[in-house]
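Please look over the sequence and the model before reading on.

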Amino acid sequence: MSTASGLSRCRSAALRLAAAAAVAIAVVCAPVAPAASAPASSAGTADSEAGDAEAGRFESVVVTATGYTAGVESTGKRPGQRGYGITYSGVKVRRGIVSTIAADPKVFPIGTLLYIPGYGYGVVADTGKAIKGHRIDLYFETPSQVFSEWGKRTVKVEVLKRGSGKLTEAQLAELGRAVSAGQWIPVAKRET
């Protein structure tokens, strides 16, 4: 077997896995509006979403991104207080495969999955008084991480999936599994 045919088979298997993950997400997650740049003829099907992920066709939006924590410096809440570490959507803040972020729900509805260069994958789970328009706030565990790892940046984010306005812990876990399986990784990100 040649190297080229072996790579072709691996790519085929990866596409089938991505399509299966898309079907699983469609079952678990509420229906959502497609990204603005997605072709109208392919909107709403799991196979087309996997195809869009493979082709790297996603809406890009330039935003100002800052960082926040669950602590008093960002939320006014201290550990032990009611609502500490809980986002507007009701899920717990987290930094992981898919991190929780805050955005203006008029621009990015709750549940919207973004790829943020230099940060990774973020799902809109929170809102904020100062987060209006094309601004997002990225979750970090400590204030020192906010300043040393991020600060304030203007970045072009990719809208991988538009949210429905709701997000649950189960949906967040499913998004993490889909990202881990490679479904939402744009081709450009795989090659870099």
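How many aromatic pairs does a search of the whole structure find? The search finds four, where rings of Phe, Tyr and Trp (its six-membered ring) pair if their centres lie within 6.5 Å, and planes under 30 degrees apart count as stacked, over 60 as edge-to-face and the rest as tilted.

## Basis of the model

This is a predicted model, in which local features need pLDDT of at least 70 and side-chain atom pairs count only at pLDDT 80 or more, while totals for chains, interfaces and linings use all residues. Residues are numbered from 1 along each chain as its sequence is written, and side-chain values use heavy atoms, with hydrogens and water left out.

## Aromatic pairs

Among the pairs is that of Tyr-115 and Tyr-121, whose ring centres are 5.0 Å apart with planes at 65°, so the pair is edge-to-face.

## Charges over rings

The charged end of Arg-95 sits over the ring of Tyr-119, 3.7 Å from its centre, and that of Arg-153 sits over the ring of Trp-150 at 3.9 Å from the centre; the criterion is NZ of Lys or CZ of Arg within 6 Å of the ring centre and within 35 degrees of the ring normal.
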